[in-house]
Amino acid sequence: MKYFDSHIHITEPSLEGIEALLKHMDDQKNMVGGVLILNTMEEVEVVSMNLNKIPDNLVIVPYYNMPDNYPERIKQSKWVKIHSRISRLTVSDIPGVISLLKSKGDSIAGFIVDSFPWGTGIEYNISLPLTIKLATEFPDKSVLVAHGGGYESWQFRAHAGGLKNVFFDFAISTKYYEDTEYMKPLAKYLKHSPERVVFGTDWPFGEAKQHIKEYQKMADIALMKQEDLERIMLENSRKLWNLK
Ligand SMILES: [Zn+2]
């Protein structure tokens, strides 16, 4: 199955980390492109210094509160990533995040929200209220729920499923929650809102082969043909990031 990987990283904030990603892309013969998410200032800096190495089929999505003085290629996609655990954001920070993003106006077209509750810092688990706030405050922009909510996938379906500008990838959730209750909501999205699901792996944390197998299982549950799964996933990412 040909795929566009909507969720990948460099393995470390260094030239070696970039080269590891390039080697990975070379090895993945069915990968047509991807979204390189930069969660930290260090990652933005190292990619900015090595832009000549970044292939054209990579969309870059930097963290949301980075300074404006980075190269155009970093900001080109107009998407930003919000990772509440890395940025240590709690519920009381949501209004500040929203007003910062409002101040950026049309220089932002979409948001990726890390939505995989994990670890002891439970106060940073604000992905669901943040997603709802972003989707309703910015009705013309898109919100991509990275990881589909992890063990909160049912809550996301209940509270954010009705918001048409909210999209989902199930990167890494297919690995941690394989064959559990938490995988069922994505099959439901594939069935009822196939235009709102994209394929993602969270490489190097997840592998394409395993993710493709899980997406195919979900497509079966959704009574979606395998060739339609490939076509729809490619089409959705093309639309979401304005690709050719
Ligand atoms: Zn990730």
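Which residues touch the most other members of the largest nonpolar core? Hi everyone, let me start there. In this predicted model, the largest nonpolar core holds 64 residues, and the ones touching the most other members are Val47, Leu101, Leu134, Leu190 and Tyr215. If you ask which helix gives the most to this core, that is helix 9, residues 208-221, with five residues.

Let me pick one of those residues and look around it. Leucine 190, setting aside its neighbours within four places in sequence, is in contact with Val197, Tyr215, Met218, Ala219, Ala222, Met224, Leu229 and Met233. So that you can find it on the screen, Tyr215 is on that list, and Tyr215 is also one of the residues I named for the core. There is another core, lying apart from this one, made up of 14 residues, including Val61, Trp79, Ala146 and Trp241. Please keep Ala146 in mind, as I will come back to that residue.

Three strands form an open sheet in the order 1-2-3, and their pairing is parallel. Strand 1, residues 3-8, and strand 3, residues 58-62, are the edge strands, each pairing on one side only. From one strand to the next, the twist averages 15°. Helix 1, residues 15-27, packs on this sheet and touches strand 1, strand 2 and strand 3, with its direction at about 160° to that of strand 2.

Let me zoom in on the pairing. Strand 1 and strand 2, the latter being residues 31-38, are joined in the parallel sense over four bridges. Is strand 2 largely enclosed or largely open? Seven of its eight residues are buried, so strand 2 is largely enclosed by the rest of the structure.

Back to alanine 146, as promised. This residue sits in strand 6, residues 142-146, and is buried, with a relative accessible area of 0%. What is in contact with alanine 146, beyond its neighbours within four places in sequence? The list is His7, Ile112, Val113, Asp114, Ser115 and Asp169.

With neighbours within four places in sequence left out, histidine 7 is in contact with Val35, Ile37, Ala146, His147, Asp169, Ala171, Gly200, Thr201, Asp202 and Trp203. Asp169, then, is in contact with histidine 7 and with alanine 146.

The peptide bond from tryptophan 203 to proline 204 is cis, with omega near 10°. Proline 204 is in the loop between strand 8, residues 197-198, and helix 9.

Next, a helix pair. Two packed helices are described by the angle between their axes and the distance between the axes. For helix 5, residues 127-137, and helix 6, residues 153-160, the axes come within 10 Å and cross at roughly 25°. Angles under 35 degrees count as roughly parallel, and helix 5 and helix 6 are therefore roughly parallel to each other. Their crossing is right-handed. On the helix 5 side the contact is made by Ser127, Leu128, Thr131 and Ile132, and on the helix 6 side by Gln155, Phe156, His159 and Ala160.

Leucine 223 has a positive phi of about 60°, although it is not a glycine. Where is leucine 223? In the loop between helix 9 and helix 10, the latter being residues 226-240. Leucine 223 is exposed, with a relative accessible area of 71%. Asparagine 242 also has a positive phi, near 60°, and is a residue other than glycine. Asparagine 242 is found in the segment after helix 10, and at 73% relative accessibility this residue counts as exposed.

Key: Residues are numbered from 1 along each chain as its sequence is written. This is a predicted model: local features need pLDDT of at least 70, side-chain atom pairs count only at pLDDT 80 or more; totals for chains, interfaces and linings use all residues. Side-chain values use heavy atoms; hydrogens and water are left out. Two strands pair if DSSP finds at least two bridges between them. Helices (H or I, at least four residues) and strands (E, at least two) are DSSP runs, numbered from the N terminus. Axes are lines fitted to C-alpha atoms, for helices over the stretch in contact, and angles run from 0 to 180 degrees between N-to-C directions. Contact means heavy atoms within 4.5 Å. A nonpolar core is a set of buried Ala, Val, Leu, Ile, Met, Phe, Trp, Tyr and Cys residues joined through side-chain atoms within 4.5 Å. Buried means under 20% relative accessible area, exposed over 50%, partly exposed in between (1.4 Å probe, protein chains only). Angles under 35 degrees count as roughly parallel, over 145 as roughly antiparallel, 65 to 115 as roughly perpendicular and the rest as oblique. A crossing is left-handed if the near helix is turned anticlockwise from the far one by less than a right angle, and right-handed if clockwise.
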